[in-house]
Amino acid sequence: MGSVTTNPWLISIINMTIVFGVLIALGVLMSMIQLVDPTRNKH
Amino acid sequence: MFEAFIVALASVWADSGFSALTSGNVIMIGVGLVLLYMAIGKGFEPLLLSPIAFGCILANIPKNGFEQPGVMSVIMYGIHHEVFPPLIFLGVGAMTDFGPLIANPKTLLLGAAAQIGVFVSLMGAMALGFTVQEASAIGIIGGADGPTAIYLAAKMAPHLLGAIAVAAYSYMSLVPLIQPPVMKLFTTERERKIVMEQLRPVSKFEKVVFPIMCTIVISLLLPPVTALIGMLMLGNLFKEAGCLDRLSDTAQNALMNTVTIMLATGTGLTMSADAFLNYQTILIICLGLVAFAAGTWGGVVFGKIMCMVDGGKTNPLIGSAGVSAVPMAARVSQIVGQKANPANFLLMHAMGPNVAGVIGTAVAAGTMLAMIGPVAK
């Protein structure tokens with residue numbers, strides 16, 4: 001795929017949004033893993 | 001007989017490297033010697049800098065025949081076709097404990113905020129006339145993650161690979177010098193003294209499931225970095241599974257050391273005079289420093305915001321560890337925090353943003369590959 005844009009501001013804003021979005025999604029994933037942890041009650 | 005001796009001597013001279021040695025080669029051999037001194041004499045990242053420096057010296061020996069099939073061409077193949085960075089990530093994963101991150105998932109945000117250094121240097125590089133692909137590869141220096149920087153440079157700006165790799169690894173070794181002034185400048189004494197609560201224990205189930213789910217989610221979202229994230233998490237699975245100790249041991253010791261030799265020597269081999277001695281290299285070195293400082297600033301400032309939101313429970317110093325450079329950046333947070341308050345132990349808290357930074361840098365690299373695309377080889 002070719003370059004979507006060459007505007008550095010746009011690249012930065014889109015990229016930062018995706019980085020934050022993915023890491024927030026990972027945070028949600030971690031919380032879900034903790035919730036479904038079958039060994040949780042043992043702690 | 002004397003004449004035959006002279007002819008033979010002239011022939012040996014003509015075939016020798018001395019006859020083709022340029023002033024550029026001499027300068028780069030000098031650079032290699034200085035880097036060797038820094039590595040062995042001063043102890044700056046010796047495991048990486050020594051083979052890089054030696055590779056630099058080897059690359060500047062004229063008529064070295066490295067373009068012919070052989071071990072050097074195999075090493076260069078591994079560099080230019082991104083074989084080594086994912087293998088390094090396998091070892092990094094096997095050595096990484098995601099426990100502190102899983103115990104305190106909000107520190108993921110600090111790892112994301114510290115990626116601002118990537119984009120500050122990207123904008124700076126484009127303002128200085130680099131193409132969008134070159135600027136993206138230069139920007140990732142700010143992620144303070146050598147393998148990702150090499151991975152992206154090989155795909156987006158292979159002609160700048162040497163300068164980018166040297167800048168990334170040099171600044172990673174200088175993290176203890178670059179970060180503390182920025183951290184102190186943007187935090188108050190009271191903030192640096194904040195003692196954080198102990199982290200909750202993380203179960204084995206969480207530690208095993210996390211790398212699997214993380215790989216599936218990130219790889220589906222950003223396929224260009226599947227090799228990096230996949231190998232990082234596979235290495236971590238080796239570590240956490242409990243029944244793969246032999247594989248974990250190989251990944252974090254024998255394989256890691258072998259690949260480090262290949263990757264670092266190969267990085268040095270890209271530092272030939274004609275590819276390295278130019279104005280662009282100086283700009284890249286300067287932009288790398290800006291990227292590191294900006295990344296540290298981004299992490300610390302977001303740490304301050306987090307501190308305000310959670311009522312002073314977060315020490316903003318852990319934000320600077322979001323620039324990756326595992327585990328050195330986390331150690332810097334610990335050292336600066338302990339100087340302000342000797343009873344402060346921030347190391348485990350800083351490991352959360354530190355490993356989040358590794359994932360964040362890989363995500364930023366994948367997004368740039370998806371948005372801008374690699375250069376045609």
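Me: Helices (H or I, at least four residues) and strands (E, at least two) are DSSP runs, numbered from the N terminus. How many helices and strands are there in chain B?

Reply: Chain B has 21 helices and zero strands. Please keep in mind that this is a predicted model, where local features need pLDDT of at least 70 and side-chain atom pairs count only at pLDDT 80 or more, while totals for chains, interfaces and linings use all residues. Residues are numbered from 1 along each chain as its sequence is written, and chains are lettered from A and ligands numbered from 1 in the order in which they are written.

Me: Why does B:Leu48 count as buried?

Reply: B:Leu48 is buried because it has 23 C-beta neighbours inside 10 Å. It sits in helix α3 (residues 46-59) of chain B. Contact means C-beta atoms, placed from the backbone, within 7 Å. Leaving out residues up to four places away in sequence, B:Leu48 touches B:Tyr169, B:Thr260 and B:Ala264. Its C-alpha atom is also 8.8 Å from that of B:Leu263, 215 residues apart along the chain.

Me: B:Thr260 and B:Leu263 belong to α17(B). At what angle do α5 and α17 of chain B pack?

Reply: Axes are lines fitted to C-alpha atoms, for helices over the stretch in contact, and angles run from 0 to 180 degrees between N-to-C directions. Helix α5 (residues 84-95) and helix α17 (residues 254-269) of chain B pack at about 145°, their axes 9 Å apart. Among the residues making this contact are B:Phe84 and B:Leu87 of α5(B), with B:Val259 and B:Thr260 of α17(B). By class, there are nine nonpolar, three polar and no charged residues. Here Ala, Val, Leu, Ile, Met, Phe, Trp, Tyr, Cys and Pro are nonpolar, Asp, Glu, Lys and Arg charged, and the others, Gly among them, polar.

Me: Which residue classes make up the side of chain B that touches chain A?

Reply: The contact takes 35 residues from chain B and 30 from chain A. Elements giving two or more residues on chain B's side include α14 (204-221) and α21 (347-372). That side divides into 27 nonpolar, six polar and two charged residues.

Note on methods. Contact = placed C-beta atoms within 7 Å. Buried ≥ 20, exposed ≤ 12 C-beta atoms within 10 Å, placed from the backbone.
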